[in-house]
Protein chains: 2
Amino acid sequence: MGEWGIIAALAARVPTGPLTEIGIGDDAAVLATPSGSVVAAVDLLLENRHFRLDWSPAYDIGAKAAARSLADIAAMGAVGTALLVGLAAPPALPAGWLTGLADGLAAEAARAGAGVIGGDTSRADTVTLSVTALGDLAGRPPVRRSGARPGDVVAVNDHLGASAAGLALLTAGLAYGSAADGPAAEPSPAAAYVLEAHRRPQPSYEDGPAAARLGATAMIDVSDGLLADLGHIASASGVSIDVAASALPISIGLREAARIVEAKMPRSSVTDAADTTSDTALHWVLTGGEDHALVATFPPATDLPSNWRVIGTVQSSTGHPGTGVTVDGAPYAGTGGWEHFRDS
Amino acid sequence: MGEWGIIAALAARVPTGPLTEIGIGDDAAVLATPSGSVVAAVDLLLENRHFRLDWSPAYDIGAKAAARSLADIAAMGAVGTALLVGLAAPPALPAGWLTGLADGLAAEAARAGAGVIGGDTSRADTVTLSVTALGDLAGRPPVRRSGARPGDVVAVNDHLGASAAGLALLTAGLAYGSAADGPAAEPSPAAAYVLEAHRRPQPSYEDGPAAARLGATAMIDVSDGLLADLGHIASASGVSIDVAASALPISIGLREAARIVEAKMPRSSVTDAADTTSDTALHWVLTGGEDHALVATFPPATDLPSNWRVIGTVQSSTGHPGTGVTVDGAPYAGTGGWEHFRDS
């Protein structure tokens, strides 16, 4: 298609966005920022590191790339307003792949209410995506990582761990059943649920600004894993955080995906064989990244709507080294039944 | 260093920027936009396509990456306020290379008055940079590509062609003298000038907002080459543009670099042997990209300061197919004395 053809084709497929004054096609875009500030985040996504062309259709890769950056905007309590997309791709990729990517980007930008206002394309041997998301705070102060206070409750707005479960099925070759099930078997409903979660997370962006209005003291989106991301809040806020394992949402689909993995994979030596399945599902919930759920801390008297589930409490910093995050009062050392195998 | 170590090391070396409310270290940055809009552009830069690690030190790669995006902001008539940088790099790159890159980015951001407010890092087999620049119009309307009107003058604020000359010397292996000159010869002053121009263009960013205040009707930075970029203005504005070859600034250093190439390279069959050297220099000026000079159109009565040199005129569209840009009244068909060789 050539660079200009690609840009024109992509530009025609993406939303403009209500605040866009100048979109794709000039030296730079111009976006209205009526509230006097702009929120901005960039993410780089590389083929075979962040996605695989044989594991995800182009549409899902585009949608997930948009979601990753837009979730960062939501985690500040802001509304996503615009994306700028850098795309490097092999010339041999079919045009339909590129338009699929653009359609996925467009769909996710539209879910968040954002326009795609700028881009750059280049040839490369592998696919690289750079997504910059811009957002608006509507005059509210941003919700930072550093505002959690002892006594606050910790709450999450969505399920966790499904993306990690989907990745585990893909990595183990179990997404479509094992060879013993026959070739090209349809994924089970549970497998389909976690595969979809891995390929195309759909964050509830509106919960970010809503959390800010509810008085959230700190917030982050779960991109590295619940414990790791709570660790960022604990570190930035100078507090400890304890998570109650029994309060964590573990969906039926996630439990079923854990059973698929456990039935087919060798047991790790560190796994407690008596309760392997729930260990695996819990491990995904505690450590799985890329779900892009929002986890926030709120003053204890906050009247949280039902989409927020309290999963822990903020405590004074123990002063001990470590991440500052515990599960049921103790450091989490679980690895999941499949972890040993995956790392080998 | 690990991802967090890299981010921390880079964050410590880059300027914050006067409008930065939240910089590197949270889910997203927050930048003040007191004038009610933000200008934004993204560029993707790939190793072995946009730069080579054996041709440029890390500092220059960082500085040039910043310049490329900041020049887009200046070309809208805006002041650069912030950069967000995505960096993928092989883990084996020495830490000094990464800090060199950060120092170059920092220096160029500081030249423009911008902060580095966000970033993302990843491992990859080759170096990839994504630079998003944000800018501020201070309440002025943006200077678009589409505003040139018949009768306007075309003016450029800096020399052109030096980056292409430097690239030609590097491509031909003539940067440090030919093998006949002995090994590791120092580059001649002319070669050093064009090599520096290629490795580290230093756009005069302040000329962008100044051109807007002077009443520029259209503007672009010379990233693809003067004729190509004037073609973007001609196309967007629905006009033709004629460039006067005799008015183009051709520096002594560029003429000397042309002599170096012509003395060592086989002559192309299309070159007029009687005036090869000036053909080569003129070709670089007309077609060489990456100088990031600004070229703008102004109403004819504009009292232009001395840093702007008038090089052509805007005319009614001829309606003929083509780029809409002529040199001395005719389509430019020159190729430079080295072009044939370079393309072989």
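**Exercise 1.** In which order do the 6 strands of the open sheet stand?

*Solution.* This is a predicted model, in which local features need pLDDT of at least 70, side-chain atom pairs count only at pLDDT 80 or more, and totals for chains, interfaces and linings use all residues. Residues are numbered from 1 along each chain as its sequence is written, chains are lettered from A and ligands numbered from 1 in the order in which they are written, and side-chain values use heavy atoms, with hydrogens and water left out.

Strands are DSSP runs (E, at least two residues), numbered from the N terminus, and two of them pair if DSSP finds at least two bridges between them. The order is β5(A)-β4(A)-β6(A)-β3(A)-β2(B)-β1(B), with mixed pairing. Because β5 (115–123) of chain A and β1 (20–22) of chain B each have a single partner strand, they stand at the edges, and one side of each is left without a neighbour in the sheet.

**Exercise 2.** Trace the pairing of β2(A), residues 29–32.

*Solution.* Begin with β1 (residues 20–22) of chain A, which pairs with β2(A) in the antiparallel sense over 2 bridges; here V30(A) is the bridge partner of I22(A). The hairpin of these strands has 6 residues between them, and G25(A) takes a positive phi near 125 degrees in this hairpin. Then turn to chain B, where β3 (residues 37–46) pairs with β2(A) in the antiparallel sense over 4 bridges, V38(B) being the bridge partner of L31(A).

**Exercise 3.** Which residues of β2(A) point one way, and which the other way?

*Solution.* A29(A) and L31(A) point one way, whereas V30(A) and A32(A) point the other way. All of them are buried, that is, under 20% relative accessible area with a 1.4 Å probe, protein chains only.

Definitions and conventions
Buried means under 20% relative accessible area, exposed over 50%, partly exposed in between (1.4 Å probe, protein chains only).
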